[in-house]
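Here is a briefing on one protein structure. Have the coordinates open alongside the text.

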Amino acid sequence: MMESGRYGSISEIKVEDIVTTGLSLQDSRLFHSKLQSAISRTRNPKDLWREISEQTLLKPSHPHHLHQLIYYSVYSNWDVSSNGPPLYWFPSLMQSKLTNLGRVMEFHAPKLLGKSITSFGLFQKFSVQHPEVYWSLVLKELAVKFRKEPRCILDTTDQTKHGGNWMPGAVLNIAECCLLPSDHLNKQDDTVVVVWRDEGVDDSRVNSLTLKELRDQVMVVANALDVTFSRGDAIAIDMPMTVTAVVIYLAIVLAGCVVVSIADSFAAKEIATRLRVSKAKGIFTQDFIVRGGKKFPLYSRVVEANSCKAIVVPAVGKDVETHLREYDLSWKDFLSYVSHLPRPNDYYPVYQPIESVTNILFSSGTTGEPKAIPWTQLAPIRCAADSWALCNCESGDIFCWPTNLGWVMGPILLYSCFLSGTTLALYHGSPLDRGFGKFIQDARVTHLGTVPSLVKTWKNTCCMDGLDWTNIKSFASTGEVSNVDDDLWLSSRAYYRPIIECCGGTELASSYIQGSFLQPQAFGAFSTASMTTGLVILDENGNAYPNDQACVGEVGLIPIYLGATDRLLNADHEEVYFKGMPMYQGM
């Protein structure tokens with residue numbers, strides 16, 4: 001919602017108005033002079049804001065009241081009903097060409113269509129109409145290595161297969177893809193692939209892990225899994241998203257087992273439900289969760305859930321600080337199972353068909369028993385491809401998104417980084433405080449994911465004041481409805497870099513509608529369907545309105561969608577759940 005109602009025209013702003021925002025008189029006079037110069041060049045609100053942002057007239061160090069005064073005054077007479085939401089970020093032609101999608105568009109479009117595609121909208125539409133062509137291009141951009149190549153990209157001959165059969169015949173291990181060097185992604189054994197810092201040591205250097213170091217750790221855990229479990233077992237993870245949790249996740253998939261995602265915030269009852277539904281044979285957890293120097297029990301909740309065998313990682317130090325049940329294992333004892341091996345960090349991956357399940361995630365469960373949503377090896381490809389395409393994740397970038405492997409954003413973040421050559425950034429602590437913001441600064445994060453309530457806390461507590469976030473190229477936001485003023489504050493921390501809004505679902509493994517680096521952006525708004533996703537508006541009978549007709553109805557997805565789940569593991573939910581999903585059937 002715009003707050004411009006209480007602001008006057010930008011041309012009416014006086015020096016004393018700027019002083020009231022917190023600038024000194026001298027700085028206010030200088031700012032006012034530069035503002036008047038910008039106004040003299042254009043009175044069009046959109047062009048004026050573009051001028052102000054491109055000239056970096058507003059600085060991250062300026063008081064938020066000044067950013068509010070200028071932005072809302074520029075758009076004080078803006079008619080949203082006829083002009084749409086006011087824009088704040090405008091990619092130049094050169095910026096667009098340098099993006100991942102822009103590069104692919106410029107190189108391949110003439111060969112595909114016989115002409116250059118200068119419009120992102122046309123290329124998005126092309127990807128909907130020819131998904132097999134689009135995916136054949138994108139697969140070459142990601143770190144996806146098949147043990148056995150697919151017969152084709154998309155097979156639609158089986159009419160009973162909802163959305164077609166993607167990459168039939170393909171065999172791979174998607175975790176191995178995350179761990180292999182890749183020349184075209186500039187990802188070698190000595191490349192840093194994970195950076196992190198523990199809460200409470202904010203002035204310490206940022207820790208790092210190279211690709212080889214990560215691979216070695218994953219393979220040690222995979223060897224230990226072979227001693228403790230059997231191939232195909234479902235194994236839960238219920239702990240914060242630390243470096244160790246990421247290693248465990250990849251090792252479970254590498255060993256041909258299935259990750260069961262459980263958020264570390266759940267009570268014993270919710271943990272028990274997810275273990276029962278997934279038929280988990282084991283669970284990785286921590287003894288405690290440490291936040292703000294305080295320890296909060298986690299293992300005891302797992303025990304109360306009457307869980308299967310638990311492997312317990314110490315939250316601090318090398319030794320578990322709680323008494324374990326007789327059949328449970330400490331992390332140290334678990335790893336000792338492979339100490340006798342001559343090469344414990346050498347492991348032969350379990351290769352499986354691409355439709356094999358590697359992860360069981362869950363809906364929130366707010367309306368009853370949570371729905372168990374299986375991810376195949378297609379799902380990681382989907383989420384990584386969308387991050388590559390619309391968030392522009394690439395080699396050399398550093399991506400941080402405070403989340404958990406128990407929620408869909410955890411696996412999405414993991415695969416988006418490791419399959420695109422982006423470095424994963426993890427903060428072992430609360431993202432609500434200044435320590436997290438200092439990590440973002442010190443780790444030189446280039447992409448920062450958020451949820452709106454988190455941004456509101458940062459803004460209202462002023463805990464991030466004085467930190468340098470100008471290495472950030474883009475923000476991302478999902479999970480809740482965004483607030484324009486909170487987004488104004490967030491974007492201003494990095495000279496008005498774009499906030500890519502994302503809306504999707506666990507069963508889709510990504511977003512179906514979001515923002516894009518190749519289009520102007522408005523605060524709290526989406527600008528495009530995701531690549532290969534077609535949107536239609538359905539009437540009360542489920543029929544699609546014509547594309548050129550203004551209408552009100554329910555959004556439906558054209559269901560040729562790579563990575564989407566079309567079944568649930570707790571089958572009693574399946575009919576109701578998927579009947580409630582608007583999927584347009586008329587291709």
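This is a predicted model: local features need pLDDT of at least 70, side-chain atom pairs count only at pLDDT 80 or more; totals for chains, interfaces and linings use all residues.

Residues are numbered from 1 along each chain as its sequence is written, and side-chain values use heavy atoms, with hydrogens and water left out. Helices (H or I, at least four residues) and strands (E, at least two) are DSSP runs, numbered from the N terminus.

**Sheets**

- Two strands pair if DSSP finds at least two bridges between them.
- Nine strands make an open sheet with mixed pairing, ordered 6-5-18-17-19-20-21-22-24.
- Its edges are strand 6 (207–210) and strand 24 (528–529); each has a single partner strand, so one side of each has no neighbour in the sheet.
- Phe399 has Leu424 of strand 18 as its bridge partner.
- Seven strands make another open sheet, ordered 13-12-9-7-8-15-16, again with mixed pairing.
- Strand 13 (329–330) and strand 16 (372–376) are at its edges; each has a single partner strand, so one side of each is left without a neighbour in the sheet.
- Strand 12 (residues 309–313) runs parallel to strand 13, and two bridges join them.
- Ile311 is bridged to Leu329 in strand 13.

**A hairpin**

- Strand 10 (residues 288–291) pairs with strand 11 (residues 294–297) in the antiparallel sense, over four bridges.
- Arg291 has Lys294 of strand 11 as its bridge partner.
- Two residues separate the strands of this hairpin, and Gly292 in the turn has a positive phi of about 60°.

**Helix 19**

- Pro452, Leu454, Val455, Trp458 and Lys459 are buried in helix 19 (residues 452–461); buried means under 20% relative accessible area, exposed over 50%, and partly exposed in between, with a 1.4 Å probe and protein chains only.
- Viewed down the helix axis, the buried residues of helix 19 fall within an arc of 160°, so they line one face; the arc is that of the directions from the axis to the C-beta atoms.
- An α-helix has 3.6 residues a turn, so residues three or four places apart point the same way.
- The buried residues of helix 19 pack against helix 4 (64–74), helix 18 (434–442), strand 19 (447–450), strand 20 (474–477) and helix 20. Contact means heavy atoms within 4.5 Å.
- Cys462 follows helix 19 and has a positive phi, near 55°.

**Aromatic pairs**

- The structure holds 23 aromatic pairs. Rings of Phe, Tyr and Trp (its six-membered ring) pair if their centres lie within 6.5 Å; planes under 30 degrees apart count as stacked, over 60 as edge-to-face and the rest as tilted.
- The ring centres of Trp49 and Tyr496 are 5.0 Å apart and the planes are at 85°, so this pair is edge-to-face.
- The pair links distant parts of the chain, 447 residues apart: Trp49 is in helix 3, and Tyr496 is in the loop between helix 20 (484–492) and strand 21 (499–505).
- Trp49 is buried at 0% relative accessible area, and Tyr496 is buried at 3%.
- Phe123 and Tyr134 have ring centres 6.2 Å apart and planes at 65°, so they are edge-to-face.
- Phe123 is in helix 8 (residues 120–129) and Tyr134 in helix 9 (residues 131–138), so the pair ties together parts 11 residues apart in sequence.
- Both Phe123 and Tyr134 are buried.
- One aromatic cluster includes Trp49, Tyr496, Tyr7, Trp78 and Phe523.

**Charges over rings**

- A charge sits over a ring if NZ of Lys or CZ of Arg is within 6 Å of the ring centre and within 35 degrees of the ring normal.
- The charged end of Arg274 is over the ring of Phe266, 4.0 Å from its centre.
- The charged end of Lys295 is over the ring of Phe288, 5.6 Å from its centre.

**Two loop residues**

- Thr42 is in the loop between helix 2 (25–41) and helix 3 (45–54). Thr42 counts as buried, at 17% relative accessibility.
- Beyond its neighbours within four places in sequence, Thr42 contacts Asp47 and Leu48.
- His62 is in the loop between helix 3 and helix 4. His62 counts as buried, at 16% relative accessibility.
- Not counting residues up to four places away in sequence, His62 touches Leu23, Phe31, Leu57, His67 and Arg493.
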